[in-house]
Amino acid sequence: MLLRAILYGLLIYVIYKVVFDLIVPVYKTTQKIKKGFKDMQNQMKDHKDQQQSSQSSSSAKSPAKEKAGDYIDFEEVK
């Protein structure tokens with residue numbers, strides 16, 4: 001009877017250690033990574049929306065100018 005109680009106590013301790021030393025930290029880390037990805041996606045979406053709104057406002061303000069020929073801006077290397 002005493003041996004059975006010790007074995008049950010040991011089993012409960014092992015299960016407790018596995019849950020709180022392995023499973024809980026992995027779960028918290030997973031949630032933190034998911035939140036980081038979601039924040040990054042929101043920032044990318046906001047940046048994209050900001051660029052689109054600035055492009056549409058700049059194109060609405062000034063008429064499109066036609067470029068005559070190809071022009072490549074360069075710096076002279078000495």
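I took helices to be DSSP runs of H or I with at least four residues, numbered from the N terminus. The model I am reading is a predicted one.

**Fold.** I looked up the secondary structure and found that the protein chain has one helix and zero strands. Helix α1 covers residues 2–61.

**Aromatic pair.** I then asked how many aromatic pairs there are, and the count comes to one. The partners are tyrosine 16 and phenylalanine 20, whose rings lie 4.8 Å centre to centre with 45° between the planes, a tilted arrangement. Where do the two residues sit? Both belong to helix α1, four residues apart, which is about one turn of the helix.

**Exposure of the pair.** Are these two residues buried, exposed or partly exposed? Tyrosine 16 has 48% relative accessibility and therefore counts as partly exposed, and phenylalanine 20, at 47%, also counts as partly exposed, because that class lies between the 20% and 50% limits.

**Nonpolar patch.** Next I looked for nonpolar surface and noted a patch of about 870 Å², made by Leu3, Leu7, Leu10, Tyr13, Val14, Val18, Leu22, Ile23 and Val26. I checked one of these residues, isoleucine 23, which is found in helix α1 and, at 48% relative accessibility, counts as partly exposed.

**Whole chain.** Finally, I went to the totals: buried residues make up 0% of the 78 residues in the protein chain, while its accessible surface comes to about 8,400 Å², with 62% of that belonging to carbon and sulfur atoms.

Definitions and conventions. Residues are numbered from 1 along each chain as its sequence is written. This is a predicted model: local features need pLDDT of at least 70, side-chain atom pairs count only at pLDDT 80 or more; totals for chains, interfaces and linings use all residues. Side-chain values use heavy atoms; hydrogens and water are left out. Rings of Phe, Tyr and Trp (its six-membered ring) pair if their centres lie within 6.5 Å; planes under 30 degrees apart count as stacked, over 60 as edge-to-face and the rest as tilted. Helices (H or I, at least four residues) and strands (E, at least two) are DSSP runs, numbered from the N terminus. Buried means under 20% relative accessible area, exposed over 50%, partly exposed in between (1.4 Å probe, protein chains only). Patches are made of residues with over 30% relative accessible area and no salt bridge: like charges are joined within 9 Å, nonpolar side chains (Val, Leu, Ile, Met, Phe, Trp, Tyr) within 5 Å. Accessible areas come from the Shrake-Rupley method with a 1.4 Å probe; for residues, only the protein chains shown count as cover. A salt bridge is a side-chain nitrogen of Lys or Arg within 4 Å of a carboxyl oxygen of Asp or Glu.
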